[in-house]
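I opened this model to look up a few helices, their charged pairs and the nonpolar core. My notes follow in the order I took them.

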Amino acid sequence: MSIQLTEIAANKSFGGWHKRFKHFSPTLNCEMIFAIYLPPQADSKKVPLLWWLSGLTCTDENFMQKAGALKMAAELGIAIICPDTSPRGLNLPGEEDSYDFGTGAGFYLNATQEPWQNNYRMFDYITTELPALVHENFPLNGKESISGHSMGGHGALVIALSSPGRYQSISAFAPISNPVNCPWGKKAFSGYLGDDEDSWNAYDACHLIASGKSKQPLFIDQGNADQFLSSQLKPDALQKACADYHHPLTMRMHAGYDHSYYFIASFIDDHLRYHAQHLQAN
């Protein structure tokens, strides 16, 4: 039985439409909300799609309202989809206790531990359920790229590196690059995946690069005034992994920029143009 979408908001923007939908997710066993921007070109033809994965505490609304991406997306003819960052409203024990675990902190993985394993399956939701749903309901041409910020940057890297060739291009803003070695990642992975640290490596970009499964180029922007730079994000670990295993990486360090959406808005057009080059290539 096909999943039913219910439109909950629609806003005309730069000739296209920003829309929000809710649906029941069999993968996550709860109701979910996502947003999609359809550029004006989608009125007459199928268009390529950019996935944007958001960071800790965010919903679909942060990127759509703060990133300033829709004007360029309209010019380039790219649709953008913003999923939520976790299941919500499940009333699981500990779900609301902290900002970096539980609600708003799904980490784009498939949990294996109780009580999370029946709901916190964001990897499957992002890679299987939601793509099938949006391609069934919107004028998309099958070409996809992926990007994200912070926890969402981690998700974009891990999802794309795990599926070579699926995405036309990969980028990230200030990603959690080596989560098995940072406090955010250790907390999330131990809670969702348990104490077997070898099982964590499937969700760590540095380990995936070392595996050699993918050689797809990475394009990353990072601010050098980011308050989480050394303790949580560890771009140096990603740079080392890419250098050691000859993985193509473009990492731009920007003086004075922090972790906020002011940083993302400053460089989002560069990322959209980057993805457009790959999405529109023959």
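**Entry 1: a charged pair in α9.** I began with Arg-273 and Asp-270, which are three residues apart in helix α9 (residues 261-279) and so separated by about one helical turn. The model is predicted. I found a salt bridge between Arg-273 and Asp-270, with the closest N and O atoms 3.6 Å apart. Is either end hidden or open? Arg-273 has 39% relative accessibility and counts as partly exposed. Asp-270, at 29%, is also partly exposed. I then followed the shared partners: salt bridges join Asp-221, Arg-252, Asp-270 and Arg-273 into one network.

**Entry 2: the rest of α9.** Where does α9 bend? I located the bend at Phe-267, and its angle is about 50°. Phe-267 is also among the buried residues of α9. Others on that list include Tyr-261, Phe-263, Ile-264, His-271, Leu-272 and Leu-279. At the N-terminal end I looked for a cap and noted Ser-260. A side-chain oxygen of Ser-260 lies 3.2 Å from the backbone nitrogen of Tyr-262.

**Entry 3: the core.** I turned to the largest nonpolar core, which has 92 residues. Which residues have the most contacts inside it? They are Phe-63, Ile-80, Phe-107 and Tyr-192. Helix α9 supplies the largest share of this core, eight residues. In soluble globular proteins, nonpolar side chains tend to be buried together. Leaving out residues up to four places away in sequence, Phe-107 touches Leu-56, Thr-85, Asp-100, Met-151, His-154, Ile-176, Trp-184, Gly-185, Ala-188, Phe-189 and Tyr-192.

**Entry 4: helix α3.** Next I checked α3 (residues 122-137) and found a kink of about 40° at Leu-130. The kink comes shortly before the proline Pro-131. Both Leu-130 and Pro-131 are buried. Met-122, Phe-123, Tyr-125 and Ile-126 are among the other buried residues of α3. What do the buried residues of α3 pack against? I listed the strands β2 (16-25), β3 (30-38), β4 (47-53), β5 (79-82) and β6 (140-148), along with helix α4 (151-162).

Entry 5: I counted how many the structure holds: ten salt bridges. Side chains of opposite charge can pair when their charged atoms come close. One of the pairs is Arg-121 with Asp-124, whose closest N and O atoms are 3.1 Å apart. Arg-121 is partly exposed, at 25% relative accessibility. Asp-124 is partly exposed too, at 24%.

I also looked at Asp-244 and Lys-240, whose side chains meet in a salt bridge at 2.7 Å, N to O. Both lie in helix α8 (residues 235-244), four residues apart, about one turn of the helix. How open is each partner? Asp-244 is partly exposed, because its relative accessibility is 42%. Lys-240 counts as exposed, because its relative accessible area is 53%.

**Entry 6: a loop residue.** Last, I looked up Ala-42, which sits in the loop between β3 and β4. Is Ala-42 buried or exposed? Ala-42 is buried, because its relative accessibility is 13% and the cut-off for buried is under 20%. Beyond residues up to four places away in sequence, Ala-42 touches Val-47 and Pro-139. I also noted Gly-16, which is 26 residues from Ala-42 in sequence and 7.9 Å from Ala-42 in space, C-alpha to C-alpha.

Definitions and conventions: Residues numbered from 1 in each chain as written. Predicted model: local features only at pLDDT ≥ 70, side-chain atom pairs only at ≥ 80, totals over all residues. Heavy atoms only, no water. Bend = angle between axes of the 7 residues up to and from the residue. Helix = DSSP H or I, 4+ residues; strand = E, 2+ residues; numbered from the N terminus. Buried < 20%, exposed > 50% of the residue type's maximum accessible area, 1.4 Å probe, protein only. Contact = heavy atoms within 4.5 Å. Salt bridge = Lys/Arg side-chain N within 4 Å of Asp/Glu carboxyl O. Polar contact = N/O pair within 3.5 Å; in protein donor to acceptor, adjacent residues only side chain to side chain. Core = buried A, V, L, I, M, F, W, Y, C linked by side-chain atoms within 4.5 Å.
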